[in-house]
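User: I am new to protein models and would like to learn how to read one. Please take me through it feature by feature.

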Amino acid sequence: MPASNPTMRDVAARAGVGVGTVSRVVNKSASVSPETRARVEQAIAETGFHRNEVARMLRPGQSSSTIGLIIDDLENPFTSAVAAGAVQVAKSRDHVLLIGSTQRDQDTERELAREFVRRQVDGLLIVSSDRSPIDETTGISSVPVVYLDRAPAGGRYDRVLLDNHSGVKAALTRMLDAGHRRIAYIGGSPRAMTGATRLQSYKKLLSQRGVTPDPSLISMHNYSTDAAREATIALLRADDPPTAIFSDNNRMTLGAIQAVTTLGVEVDLAGFDDLELADLLPFEVDLIVYSPSDLGRRGAEQLFRRIDGDHGPVRTLRVPTRLDRRGRRFVGLLPT
């Protein structure tokens, strides 16, 4: 079984040669016999050794002039805006931002963390796909880390988070004040910090207003717009459908909008994140908006504080949200 981070010493031990001989083979020196070279190359293949090109070029204490950003979904406009904010700060510090996508897979998240550390990035920004912390065997503890939007359990690392509770409170308060009592919730992963926090706030706020949360109105594990659309259609076709719907991110909101448009029903909608062309919607939608680029910018700024030697207490920074009514007054839609 190859070592997780095999070294030249591991290769030398397997090939039965000195570390210097392995170095000469790796650096393509001519002063190695063909037989020895073949034995070393076989040992390299068996151990999975890869030369760390960045480390080879760096002297002790020298910066690689790179930082890493681990995100869950490259296709989401939220992610691209976060990256844009981080790039702006990295560029001002003469650093390059390296980006890796997990596609919401925690194993991939760990492997990306390990790979970025192996490439000796000066620090890591992470939009976590899960509430469990990344395994320390990845070497993540050797570099400064700032979590963005979602953070694992525990308080070891800095984090820049949205003011999720205030956003949910603003949207649900308006719905409740308008007389709604059957308010559905369309969500994604209950394990992600944002999903868990927003769902908890939804339940808490309903209870505070004397409305018992109805499990039949809560639909989770919707990871695409299509899934959210089908979940919303199912809720709206139920015997006792909701009169309002809250969705916990932009893709969930798009799915809910598609469902309402398809069925041609009048339902109060609210959701987290802004939407492109939201002002062109044929009915009104309440959106909880904020600046995702500010999330990336503030995260990168905090990361460089740590890179520069700030060893102060762990910090939690919050990006404010606001409720913004978009679209036009409902004009009546026909089923498609």
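User: Which strands does helix 8 (residues 193-208) lie across?

Analyst: A word on the model before we start. It is predicted, so local features need pLDDT of at least 70 and side-chain atom pairs count only at pLDDT 80 or more, while totals for chains, interfaces and linings use all residues. Residues are numbered from 1 along each chain as its sequence is written, and side-chain values use heavy atoms, leaving out hydrogens and water. Helices (H or I, at least four residues) and strands (E, at least two) are DSSP runs, numbered from the N terminus. Contact means heavy atoms within 4.5 Å. Angles run from 0 to 180 degrees between N-to-C directions, with axes as lines fitted to C-alpha atoms, for helices over the stretch in contact. Now the case here: helix 8 lies across strand 6 (183-186), strand 7 and strand 9, and runs at about 170° to strand 6. Helix 9 (residues 225-236) also packs on the sheet, where it touches strand 6, strand 7 and strand 8 and makes about 160° with the direction of strand 6.

User: In what order do the six strands of the open sheet with mixed pairing stand?

Analyst: In general, strands of a sheet pair through backbone hydrogen bonds, either parallel or antiparallel. Two strands count as paired if DSSP finds at least two bridges between them. In this open sheet the order is 7-6-8-9-10-12, and the pairing is mixed. Strand 7 (218-219) and strand 12 (322-326) are the edge strands, each pairing on one side only.

User: How many bridges join strand 8 to strand 9?

Analyst: Four, between residues 244-247 of strand 8 and residues 268-272 of strand 9, and the two run parallel. You can find phenylalanine 246 opposite alanine 270 of strand 9. On to the next neighbour: strand 9 also pairs with strand 10 (residues 285-289), in the parallel sense, over three bridges. There the bridge partner of alanine 270 is aspartate 286.

User: Is strand 9 mostly covered or mostly open?

Analyst: Buried means under 20% relative accessible area, exposed means over 50%, and partly exposed lies in between (1.4 Å probe, protein chains only). Strand 9 is mostly covered, with five of its five residues buried. Both of its faces take part: Asp268, Ala270 and Phe272 are buried on one side, Leu269 and Gly271 on the other.

User: What do strand 8, helix 10 and strand 9 make together?

Analyst: They make a right-handed β-α-β unit. For the hand, point the strands away from you: the crossover is right-handed if the path from the first strand over the helix to the second runs clockwise.

User: How far does helix 10 reach from its first C-alpha to its last?

Analyst: The expected span is 1.5 Å times one less than the number of residues. Helix 10 has 14 residues and reaches 20 Å, close to the 20 Å expected. Its buried residues include Met252, Ile257, Val260 and Leu263. Among the elements covering the buried residues of helix 10 are helix 5 (77-92), helix 9 and strand 10.

User: What caps the N-terminal end of helix 10?

Analyst: Asparagine 249 does, with a side-chain oxygen 3.0 Å from the backbone nitrogen of arginine 251. After helix 10 comes glycine 264, whose phi is positive, near 70°.

User: Why does threonine 102 count as buried?

Analyst: Threonine 102 counts as buried because its relative accessibility is 2%. You will find threonine 102 in the loop between strand 2 (96-101) and helix 6 (106-118). Leaving out residues up to four places away in sequence, threonine 102 touches Ile70, Ile71, Asp72, Thr108, Glu109, Leu112 and Ser129.

User: Which strands stand at the edges of the parallel sheet?

Analyst: That open sheet has six strands in the order 2-1-3-4-5-11, with parallel pairing. Strand 2 and strand 11 (316-319) are at its edges; each has a single partner strand, so one side of each lacks a neighbour in the sheet. On average, neighbouring strands of this sheet are turned by 20° against each other, direction ignored. Helix 5 lies across strand 1 (66-71), strand 2, strand 3 (124-126) and strand 4, at about 155° to strand 2.

User: How many helices and strands does the protein chain come to?

Analyst: The chain has 11 helices and 12 strands, and 47% of its 336 residues count as buried.

Note on methods
Polar contact = N/O pair within 3.5 Å; in protein donor to acceptor, adjacent residues only side chain to side chain.
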